[in-house]
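Dear colleague,

I am handing over the model that we talked about, and my notes on it follow below the structure. Please read them with the coordinates open beside you.

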Amino acid sequence: MNTSLSKPISFVLNEEIVRTQQGYTESFKRCREILSEIENITKKRVLAYSSNFKSSYGVMDKDATVIEDLLRTKSDKKDLLLILSSPGGQAVAAEKIQLVCQEYSKAKKGKFLALVPKSAKSAATIIALGSDKILLSSTAELGPIDPQIIISNNFETGSETEKDLVGNKETVKIKKVFQNSINVIPAFRIIKAVDDLTDKSKKWWHFNSDSNKIFLSQYNYDLYLMAQNELKLSRDIIDKIIKRKNIKDPGLFKIFSDPEVTLSHNRPISLSDLNDSELHKSGFIEGYLEYFENDGVIKENLEKLDQLIWEYYLRTNTHLEDEGNFVQKTIETTTHRVQLGHNDSNVLS
């Protein structure tokens with residue numbers, strides 16, 4: 001961690017906004033300069049993929065097309081360095097992004113490197129696992145990849161009166177009021193709950209048939225099948241990664257894929273958690289400063305690189321989490337930026 005900054009990046013960014021009165025315009029320019037500087041230091045093609053962590057606008061299907069379009073532009077760099085910051089999203093979309101990045105690297109006869117400055121969770125972890133090497137900062141986090149099922153339920157909150165005038169006669173109707181509730185439940189919990197409830201050998205589940213009926217009305221068969229399919233999908237993606245990498249011990253990925261090991265979908269998996277694992281010892285996952293030092297980057301440039309990566313992350317993250325800004329995601333290279341926002345609005349620059 002470079003500790004030589006004269007002031008926090010967030011202070012610098014705020015001063016820019018106040019001074020120019022043009023929002024994030026100057027910061028956008030600076031972000032592009034940063035990516036160019038990172039390319040010059042690392043000698044690798046840089047692509048940055050960043051999402052808002054406060055909304056559900058994470059990894060989506062069309063992102064792979066955007067990324068492929070950007071990577072089809074000219075570059076003399078062989079290796080691809082994907083700077084990744086996302087709370088996750090769709091597993092299938094993550095698999096498509098993996099494929100695009102792998103195909104680019106294959107065509108260039110280079111490597112696909114995933115660099116995480118701070119956080120790449122869930123489906124974003126899947127993208128990282130599909131790379132040739134994952135590079136983490138000392139405080140970066142990956143996360144479990146067990147799929148989550150979004151359940152929407154309407155529940156009655158009360159009633160309200162509604163008056164209606166027909167001719168000279170006024171009628172009063174009592175109308176029930178409902179509120180929508182959104183719950184996010186791990187797929188494996190839905191499967192386990194239903195399997196346990198329908199397992200007659202587990203008599204402790206069957207003492208109250210009315211409670212069971214209520215439970216099964218919430219966890220219906222379609223939801224049960226959806227949970228099974230999503231769990232099979234995520235495991236199939238991991239199996240493909242294991243096969244492609246020719247990994248002999250599939251258990252190495254349990255820290256990401258096995259709910260009995262991960263315990264919580266929100267659990268952070270940091271570099272220190274992986275220090276004793278074969279994933280780290282084999283060099284598949286390592287600190288990015290360690291990697292670039294071994295790759296020939298001189299000490300002076302290592303310190304600069306660390307500062308640049310942090311500055312890019314903080315500038316982009318501050319922009320994306322500004323509630324007055326429509327932009328929810330940015331995908332950019334040193335020459336082009338695609339900004340995606342509410343209602344699938346795109347801004348190209």
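Ser 122 counts as buried because its relative accessibility is 13%, where buried means under 20% relative accessible area, exposed over 50% and partly exposed in between, with a 1.4 Å probe and protein chains only. Ser 122 sits in the loop between strand 3 (112–116) and helix 5 (123–129), and it has a positive phi of about 50 degrees although it is not a glycine. Asn 246 likewise is not a glycine and has a positive phi, of about 55 degrees; it is found in the loop between helix 8 (221–244) and helix 9 (254–257), and at 52% relative accessibility it counts as exposed. As background, most residues other than glycine have a negative phi.

Please keep in mind that this is a predicted model, in which local features need pLDDT of at least 70 and side-chain atom pairs count only at pLDDT 80 or more, while totals for chains, interfaces and linings use all residues. Residues are numbered from 1 along each chain as its sequence is written, and side-chain values use heavy atoms, with hydrogens and water left out.

On the overall make-up, the protein chain has 14 helices and 12 strands, which are DSSP runs numbered from the N terminus (H or I of at least four residues for helices, E of at least two for strands). Of the 349 residues in the protein chain, 46% are buried. Taking contacts (heavy atoms within 4.5 Å) between residues at least 6 apart in sequence, 67% join residues at least 24 apart.

Strand 1 (45–51) is mostly covered, with 7 of its 7 residues buried. On one side these are Arg 45, Leu 47, Tyr 49 and Ser 51, and on the other Val 46, Ala 48 and Ser 50, so that both faces are covered. Strand 1 pairs with strand 2 in the parallel sense over 6 bridges, pairing being called if DSSP finds at least two bridges between two strands, and in this pairing Tyr 49 stands opposite Leu 84. Strand 1 and strand 10 run antiparallel and are joined by 4 bridges, with Ala 48 opposite Glu 332.

Helix 3 (residues 63–71) has as its buried residues Asp 63, Ala 64, Val 66, Ile 67, Leu 70 and Leu 71. Seen down the helix axis, these fall within an arc of 160 degrees and therefore line one face of the helix, the arc being that of the directions from the helix axis to the C-beta atoms. The face turned away from this buried side carries the exposed residues Thr 65 and Asp 69. The buried residues of helix 3 are covered by elements including strand 1, strand 2 (80–85), helix 4, strand 10 (327–332) and strand 11 (337–341).

The largest nonpolar core has 51 residues, and those with the most contacts inside it are Ile 67, Leu 129, Leu 136, Leu 142, Phe 253, Phe 256 and Ile 285; such a core is a set of buried Ala, Val, Leu, Ile, Met, Phe, Trp, Tyr and Cys residues joined through side-chain atoms within 4.5 Å. Helix 4 (residues 91–108) gives the largest share of this core, 7 residues. Apart from it lies another core, of 21 residues, among them Ile 38, Leu 113, Phe 292 and Leu 308.

Tyr 291 and Phe 292 form an edge-to-face pair, 5.1 Å centre to centre with 75 degrees between the planes; Tyr 291 is buried at 8% relative accessibility, as is Phe 292 at 0%. The rings of Trp 310 and Tyr 313 have their centres 5.5 Å apart and their planes at 40 degrees, so this pair is tilted. Both residues lie in helix 14 (residues 299–320), 3 residues apart, about one turn of the helix, and Trp 310 is partly exposed at 33% relative accessibility, whereas Tyr 313 is buried at 12%.

With best regards

Conventions
Phe/Tyr/Trp six-rings, centres within 6.5 Å; stacked < 30°, edge-to-face > 60°.
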